[in-house]
Number of protein chains: 2
Amino acid sequence: VQIKVVEKILAANDAIAAQNRQLLEQNGVLAINIMGSPGAGKTSVAERTITAPALGGLSVAVIEGDIATRYDAERLAALDIPVVHIATGGECHLDAPMVKQALLQLDLTAADVVLIENVGNLVCPAEYDLGQGKKVVVSSVPEGHDKVEKYPLMFRLADAVVLNKLDTIDAFDFDAQRFEANLKDLNPEAAFFAVSCRTGQGIEAWADWIRAQLARS
Amino acid sequence: VQIKVVEKILAANDAIAAQNRQLLEQNGVLAINIMGSPGAGKTSVAERTITAPALGGLSVAVIEGDIATRYDAERLAALDIPVVHIATGGECHLDAPMVKQALLQLDLTAADVVLIENVGNLVCPAEYDLGQGKKVVVSSVPEGHDKVEKYPLMFRLADAVVLNKLDTIDAFDFDAQRFEANLKDLNPEAAFFAVSCRTGQGIEAWADWIRAQLARS
């Protein structure tokens, strides 16, 4: 009985996700679901994306998911872009109905890209389709090079993986080649970007990838 | 209907947790549920705890929870202590029935302390009582000083918080006073230890705290 109910929840989620996807496609908007551990740097990646020269002239909006606090939403709103804050109230992931409510508060006719920052969690968000165009995992050097192997579902489903905090690599015993090799083994199709949101290293290649996804959509 | 089922799952979990607690108390064993984000250093804290001089002469066993891979279990087994590995197969947290199965594989009459390393997740494990004596959250400097505010439930329920990777603080914009002040605001009863598993800094105070919990139990 319990499993059936979980299936129903996921089926209901997927039905709303399909509506979100249709709404986004009708408006020619690329939505990116940004997932990752607490403190991986999801908000910093969003900031760098919004201000990247390669995305100049594009209109970017943000849907910001948090269990508690508005800190991340306020950081992004300071960039003078549309931000909708979803307070999940304890929920460990965003779901499609939450994102639908947020999308309805944005002017999608004026947007090119919507960044959806998920709750900090390397497990649960992977199971919930939000209707996004692309799924991205932000991982970071201090978390260790074994994360792809230890939390495979999210990395397997990712369209791109951004390895952040590259500027701190000397402070950690981190094998970047192993991280990338593990990703290639698990998900050969995923794009991979090693970046530092502090220094800006690698951000240009990441922003170019987003522009390329827009051109295809 | 859906909420009722979730309540039933939690009630069933709590019933088994009570059995675990009784089993541990009958054997005079202190079980510590170690929770935290992916890559916070839960396994490193367990390693340092097992080898701490302040806990010399005590018999420590480990229950190691992982979604995938046996890496952490193998690291701890190398210390020549009893280790039971729980492969959750995708589940985002340990639950009391999993821990019960693991406890039945340990010789509890010979154990003083059982460290239970939960799945790397700052959200979901907080909701599942395992029957442990104490709950500990391992957080880390690279995750940022805002984690107490952003993920309050787990920090509110913690008996102790271990802030790890203190040796890397110069590489990050981390306000240790703010982290500790936020914790004191949210949970004034929680013990707090700032440590570096790499250098050993702060480990003695943490190990002394464990010994004090044993004396009380």
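In helix H4 (residues 96-103) of chain A, the buried residues are A:Ala96, A:Met98, A:Val99, A:Ala102 and A:Leu103. Buried means under 20% relative accessible area, with exposed over 50% and partly exposed in between (1.4 Å probe, protein chains only). Helices (H or I, at least four residues) and strands (E, at least two) are DSSP runs, numbered from the N terminus. Viewed down the axis of H4(A), the buried residues fall within an arc of 155°, so they line one face of the helix. The arc is taken from the directions from the helix axis to the C-beta atoms. A:Asp95 caps the N-terminal end of H4(A). One of its side-chain oxygens lies 3.0 Å from the backbone nitrogen of A:Met98.

The model is predicted: local features need pLDDT of at least 70, side-chain atom pairs count only at pLDDT 80 or more, and totals for chains, interfaces and linings use all residues. Residues are numbered from 1 along each chain as its sequence is written, chains are lettered from A and ligands numbered from 1 in the order in which they are written, and side-chain values use heavy atoms, leaving out hydrogens and water.

In chain B, 7 strands form an open sheet with parallel pairing. Their order is E3-E2-E4-E1-E5-E6-E7. Strands E3 (83-87) and E7 (191-194) of chain B are the edges, and each pairs on one side only. The twist averages 20° from one strand to the next. Two strands count as paired if DSSP finds at least two bridges between them.

Strand E1 (residues 30-36) of chain B is mostly covered, with 7 of its 7 residues buried. B:Leu30, B:Ile32, B:Ile34 and B:Gly36 point one way. B:Ala31, B:Asn33 and B:Met35 point the other way. E1(B) pairs in the parallel sense with E5(B) (residues 134-140) over 5 bridges. In E5(B), B:Val137 is the bridge partner of B:Met35, and B:Lys134 is that of B:Ile32. E1(B) also runs parallel to E4(B), joined by 5 bridges. There, B:Asn33 has B:Ile116 as its bridge partner.

Helix H2 (residues 42-50) of chain B lies across E1, E2 (60-66), E4 (113-117), E5 and E6 (160-164) of that chain. H2(B) runs at about 165° to E4(B). Axes are lines fitted to C-alpha atoms, for helices over the stretch in contact, and angles run from 0 to 180 degrees between N-to-C directions. Contact means heavy atoms within 4.5 Å.

Chain B can be laid on chain A with an RMSD of 0.0 Å, by a turn of 180° and a shift of 0.0 Å along the axis. This is the relation of a two-fold axis. Superposition is by least squares on the C-alpha atoms of residues with pLDDT of at least 70 in both copies. Of the interface residues of chain B, 97% are also interface residues in chain A, so the copies meet through the same surface.

Conventions. Polar contact = N/O pair within 3.5 Å; in protein donor to acceptor, adjacent residues only side chain to side chain.
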